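Here are my notes on the model, as numbered points. Please read them with the coordinates open.

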Amino acid sequence: MNSESTILAGNLVDLHQASIYPAEIHIQYGTIQKIEKRAVDSKTFLMPGFVDAHVHVESSMLTPAQFARVAVTYGTVATVSDPHEIANVLGVSGIDFMLEDAASVPLKIAFGAPSCVPATPFETAGAVLDAKAVTKLLRRSEVPYLSEMMNYPGVLNKDPEVLQK
């Protein structure tokens, strides 16, 4: 859709106005330039894509590419993902796999740096990401945020390692 200009016509699902109306969407170089209410004879519905704001892709037991294949068919266009399960087992190499596989799909999968690997000090899943490893991940452009901090007792008790992350 990065061609010079495109016009999409159909029934626009306007979430902000809680209405559906016939419209044309004018796109130039992949960016919406304007939306015009216009009488169109169409059974097509134009609607925004969904963003899954918290998902662990590997919990689906699918690779990012296979997860994307399924998710986009239901209107999901992006995810905010925490790869801590694969990091618990494979460490940074697991995160590298997820990033590499996700780069090949039309679904935008944003991966954060897992903050709790292992999830608890009683776990022996195979890997440990300390504050140094998390900092190194966050320096990478493809890992733009810290994923969920499950160790709230560490935060409340001001654990130095947790606070460094």
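**Notes on salt bridges, sheet and helix packing**

1. The structure holds five salt bridges. A salt bridge here is a side-chain nitrogen of Lys or Arg within 4 Å of a carboxyl oxygen of Asp or Glu.

2. On provenance: this is a predicted model, where local features need pLDDT of at least 70, side-chain atom pairs count only at pLDDT 80 or more, and totals for chains, interfaces and linings use all residues. Numbering starts from 1 along each chain as its sequence is written, and side-chain values use heavy atoms, with hydrogens and water left out.

3. Look at E36. Its side chain meets that of K34 in a salt bridge, 3.4 Å from N to O. K34 is partly exposed at 42% relative accessible area (buried means under 20%, exposed over 50%, partly exposed in between; 1.4 Å probe, protein chains only). The side chain of R38 also forms a salt bridge with E36, at 2.8 Å from N to O. R38 is partly exposed too, with a relative accessible area of 39%.

4. Next, R140 and D96. Their closest N and O atoms are 2.8 Å apart, in a salt bridge. R140 lies in the loop between α4 and α5 (152-156) and D96 in helix α3, so the pair ties together parts that are 44 residues apart in sequence. Helices (H or I, at least four residues) and strands (E, at least two) are DSSP runs, numbered from the N terminus. Relative accessible area is 25% for R140, which is partly exposed. D96 is partly exposed as well, at 30%.

5. Which residues of helix α3 (residues 92-102) are buried? They are G94, I95, M98, L99, D101 and A102. An α-helix has 3.6 residues a turn, so residues three or four places apart point the same way. The buried residues of α3 pack against α1 (64-71), α2 (84-90), β7 (108-111) and α4 (131-138); contact means heavy atoms within 4.5 Å.

6. Now the sheet. Four strands form an open sheet, ordered β3-β2-β1-β4, with mixed pairing. Its edge strands are β3 (31-37) and β4 (45-46), each pairing on one side only. Two strands pair if DSSP finds at least two bridges between them.

7. Inside that sheet, β1 (residues 5-14) and β2 (residues 19-28) run antiparallel, joined by 10 bridges.
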